[in-house]
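Please read it with the structure open beside you.

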There are 2 protein chains.
Amino acid sequence: MSQPTSLATRNQALPGPFAELGRERRLRLDCGVELGPFTMAYQTYGRLNEARSNAILVCHALTGDQYLTGENPVTHKEGWWHEVVGPGLPLDTERYFVICANVIGGCMGTIGPKEINPQSGKPWGLGFPVITVADMVRAQLLLLDSLGIEKVFCVIGGSMGGMQVLDFASRHPERVFAAVPVAAAARHTAQNIAFHEVGRQAIMADPDWCGGDYYAHGKVPSRGLAVARMAAHITYLSEAALHRKFGRRLQDREAVTYGFDADFEVESYLRYQGSSFVERFDANSYLYITRAMDYFDLAAEHDGVLAKAFTNTPVRFCVMSFTSDWLFPTSESREVVRALNGVAADVSFVEIESDKGHDAFLLDEPEFWSTLSGFLTGSAEILGLRTP
Amino acid sequence: MSQPTSLATRNQALPGPFAELGRERRLRLDCGVELGPFTMAYQTYGRLNEARSNAILVCHALTGDQYLTGENPVTHKEGWWHEVVGPGLPLDTERYFVICANVIGGCMGTIGPKEINPQSGKPWGLGFPVITVADMVRAQLLLLDSLGIEKVFCVIGGSMGGMQVLDFASRHPERVFAAVPVAAAARHTAQNIAFHEVGRQAIMADPDWCGGDYYAHGKVPSRGLAVARMAAHITYLSEAALHRKFGRRLQDREAVTYGFDADFEVESYLRYQGSSFVERFDANSYLYITRAMDYFDLAAEHDGVLAKAFTNTPVRFCVMSFTSDWLFPTSESREVVRALNGVAADVSFVEIESDKGHDAFLLDEPEFWSTLSGFLTGSAEILGLRTP
């Protein structure tokens, strides 16, 4: 594993390894720009076996990060998948070597708009090249190279993580045995692009955004980013979950106040979601990563025929969706399954009954966990995987 | 009909009559404030018959106004219900006397935060009292009084208009024969409150909002209001409609630009929706009217039992919803119908098949129009309505 390099000095406050990638062979992005050398921050859990065959690559979602379990050093909360990754859990760290890296364009140590552009000595800001999901995956492959992992046992992720899974399996089938896209889609829909555009416009409308150069002005477009997060957060839940959690209950009061304070619990909750988010996330990263999702359309480069993205695939797939997810609804997962069936791929599809909406993959969903466990265990047997 | 008064001098640029209301008896609002005298701007279409029995009161939605048909003097587009109101149309102006008033709290001539507070000689701004849907209806009743109309033949409206219809029928059943709530609900859900809160936060995050006093500073919180409108606009459409209208089509370009311009048609469309809205709507009105909708919960003052809001109602109801409306879904209309059935009210319920989402009641929906026509014609026969 690489150690923190000079490029990563700003990130040394974050615990965990940093890989310096793209030094010998630069990363050619879809936009044409070549990136390198660059830093990628990641975490690993469990041990790599001797055959280097038990790695699971976890791809995180829009606002996720590499800290899957244990205390997150920024939020000081449990890692976002602490119920899934660990000894005896579905991603069993006694059997598998679990890797998760902050995506390029992110803000948790990997190269992104808030990091220093070595050519200027200043943060990249909007000078950072626009990236795609395919670029994120290419960076993950460079990381795997640096770790000496030729082929991962499994690549898994929810939401944008699931987009990376699909891209990985489509473009690099020789480097993965099994793929688990969860609550994902092979393209971003018009409605999802629309919600992202609202978020971006909210950020760019904030005068403190300073045309993307707020770092130089010692400012943070907190208000815009908070509004973006609030709008997005609604789309991660379901109407039923919001009703169950909050309904029309009032926040610490007996009656409405006839004013614009947060009378309702749901308002108070949303405001908290917005204000806590700006403490951990970079506004420009939000622009770049949402853009990458908007651009994602796996069928587009195959004449619009998604099946062609998986022709002759040797990868075993387990596609999962949640009934109440309206951001990445089951119908989108079915499109993926249909395409995979169209090329006679090895694919299981499970729609999990849940009222928790899109965020269900992050929450307490035993049926999801047991399905995941079963698929991984079965796949490990087929591969003849040895535990360390 | 009253003529424009001194209170209405700012509005004299707007065509149409203005009523001066609440002079003898002030309007007592739910928040306890008494309002009056105040101006209400309205429009009428068709002729009132001698018995004064053929009036239809149309209640407009959040961003609607009194200009139902003909050229809107502000947008210079056709009125928002020009396909529904007119000779031979469902709200047949050869048979009915159609009235539509700008709601209190609005910004099209009726008293609201941008109008002058006579006590200070300055715009009300956030000094305007917080209003409720019930207050809006009370103001409509004062207008009906001033027009000499004891009882309307029908009260009808979509979305917030439908909330007014339900409130009107519940609180003032002696003043209405038939009621048509369309794409409405008897309470605002947690998800809908959440979306409204995002919009309000976007407006209040804009420094040009100036704590609500932007009028005095010669500013307009355009960016915040545009973001609010963009977020709301998505909720008015359906995923299917967005897909059909825009899909992932690019805006006047062959390929994505790897930037943050509006690459996709849906982005360009949303930006236009935002920027054109700020030219016609007052940001503070947006705060007040969304708040009124959030507060709406007809069952709340009846121990949570919606049926009790309609005990012994003599009103004939026709409840309508649209299959793809996810903001005011059919389930909410069914709640209303269930409550009405519970008190053996005269109620028809029609769910219209449409992929146009919540906005379907504003759009080309022949099945909606024919149902509406049929219900009005039938009700007119039962009432023995004479045409003028």
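Which residues are buried in α1(B)?

1. In answer, the buried residues of α1(B) are V133(B), A134(B), D135(B), M136(B), V137(B), R138(B), A139(B), Q140(B), L142(B), L143(B) and L144(B), where buried means that 20 or more other C-beta atoms, placed from the backbone, lie within 10 Å of the residue's own, while 12 or fewer make a residue exposed and anything in between partly exposed. The helix is thus mostly covered, with eleven of its 14 residues buried.

2. A word on the basis of this note: the model is predicted, so that local features need pLDDT of at least 70 and side-chain atom pairs count only at pLDDT 80 or more, whereas totals for chains, interfaces and linings use all residues. Residues are numbered from 1 along each chain as its sequence is written, and chains are lettered from A and ligands numbered from 1 in the order in which they are written.

3. Helix α1 of chain B comprises residues 133-146, helices (H or I, at least four residues) and strands (E, at least two) being DSSP runs numbered from the N terminus. Its end C-alpha atoms are 20 Å apart, which agrees with the 20 Å that its 14 residues should span at 1.5 Å a residue, the expected span being 1.5 Å times one less than the number of residues. Just after α1(B), G148(B) takes a positive phi of about 70°.

4. Chain A has nine helices and 14 strands, and 57% of its 388 residues count as buried. Its radius of gyration is 21 Å, which agrees with the value near 21 Å for a compact globule of 388 residues; the radius is taken over C-alpha atoms, and the globule rule is 2.2 Å times the number of residues to the power 0.38. Along its principal axes, the C-alpha trace of chain A spans about 65 × 50 × 45 Å.

5. The same surface serves both copies, since 100% of the contact residues of chain B recur in chain A.

6. At the interface, 42 residues of chain B are in contact with 42 residues of chain A, contact meaning that the C-beta atoms, placed from the backbone, lie within 7 Å. On the side of chain B that touches chain A, α3(B) gives the most, with eleven residues.

7. Helix α6 of chain A (residues 265-277) reaches 18 Å from its first C-alpha to its last, close to the 18 Å expected for its 13 residues. Its buried residues are V266(A), E267(A), Y269(A), L270(A), G274(A) and F277(A). They cover an arc of only 165° around the axis, which puts them on the same side of α6(A); the arc is that of the directions from the helix axis to the C-beta atoms. What covers them includes α4 (222-236) and α5 (239-245) of chain A, together with α3 (190-205) of chain B.

8. Finally, Y67(B) lies in the loop between β5 (55-59) and β6 (85-86) of chain B. Y67(B) is buried, because 26 other C-beta atoms lie within 10 Å.

Technical notes: Two residues are in contact if their C-beta atoms, placed from the backbone, lie within 7 Å.
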